[in-house]
Amino acid sequence: MSRYSFMASVLQTAGVPKPRADINTFVVFVARRHGVSPAHIYGDSRRHEFVRPRQEVMWLASQAGHSTTAIGRELGRDHTTIIHGIKSYEKRRAENGYSAG
């Protein structure tokens with residue numbers, strides 16, 4: 001058993017939650033995946049080539065356990081915008097044959 005595996009099991013046994021990725025990590029990952037700059041995801045543009053990656057970031061961050069308020073704070077948006085973005089992304093996933101969860 002590696003030192004990392006041992007520490008992970010000790011922390012899990014002690015009830016310490018697993019560390020989660022920060023929202024900026026999702027921004028960088030999604031930006032690279034879609035061939036846009038992170039500035040476009042943080043930006044105000046409503047062009048679909050930027051909105052869709054932005055909504056993907058919202059969804060990924062929510063799946064990682066971040067609150068809509070925290071996601072909104074990081075992306076410079078209201079939490080209700082984040083809720084709408086997550087729902088839009090889930091709808092698009094369902095339409096494309098992926099499960100929403």
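Is histidine 66 buried or exposed at 12% relative accessibility? Histidine 66 counts as buried, because its 12% relative accessibility falls under the 20% cut-off. The views below show a predicted model.

**View 1. Histidine 66 in the loop between helices H4 and H5.** Helix H4 covers 48–63, and histidine 66 lies in the loop that separates H4 from H5. The side chain of histidine 66 reaches the backbone oxygen of alanine 21 at 2.7 Å. Leaving aside residues up to four places away in sequence, histidine 66 touches Arg20, Ala21, Asp22, Ile23, Phe26, Ala61 and Ile71.

**View 2. Packing of helix H2 against helix H5.** Helix H2 (residues 23–34) and helix H5 (residues 68–75) pack at an angle of about 60°, and their axes are 10 Å apart. This angle makes H2 oblique to H5. The crossing in which H2 passes H5 is right-handed. On the H2 side, Ile23, Asn24 and Val27 take part, and they meet Ala70, Ile71, Glu74 and Leu75 of H5. By class, the residues of this contact of H2 with H5 are 5 nonpolar, 1 polar and 1 charged.

**View 3. Crossing of helices H4 and H6.** The axes of H4 and helix H6 (residues 79–95) cross at roughly 100° and come within 8 Å. H4 is therefore roughly perpendicular to H6. From H4, the residues Arg52, Gln55, Glu56, Met58, Trp59, Ser62 and Gln63 meet Thr81, Ile82, Gly85, Ile86, Ser88, Tyr89, Glu90, Arg92 and Arg93 of H6. The contact of H4 with H6 divides into 5 nonpolar, 6 polar and 5 charged residues.

Methods: Residues numbered from 1 in each chain as written. Predicted model: local features only at pLDDT ≥ 70, side-chain atom pairs only at ≥ 80, totals over all residues. Heavy atoms only, no water. Axes fitted to C-alpha atoms, helices over the stretch in contact; angles between N-to-C directions. Helix = DSSP H or I, 4+ residues; strand = E, 2+ residues; numbered from the N terminus. Parallel < 35°, antiparallel > 145°, perpendicular 65-115°, else oblique. Left-handed = near helix turned anticlockwise from the far one by under 90°. Contact = heavy atoms within 4.5 Å. Nonpolar A, V, L, I, M, F, W, Y, C, P; charged D, E, K, R; others polar. Buried < 20%, exposed > 50% of the residue type's maximum accessible area, 1.4 Å probe, protein only. Polar contact = N/O pair within 3.5 Å; in protein donor to acceptor, adjacent residues only side chain to side chain.
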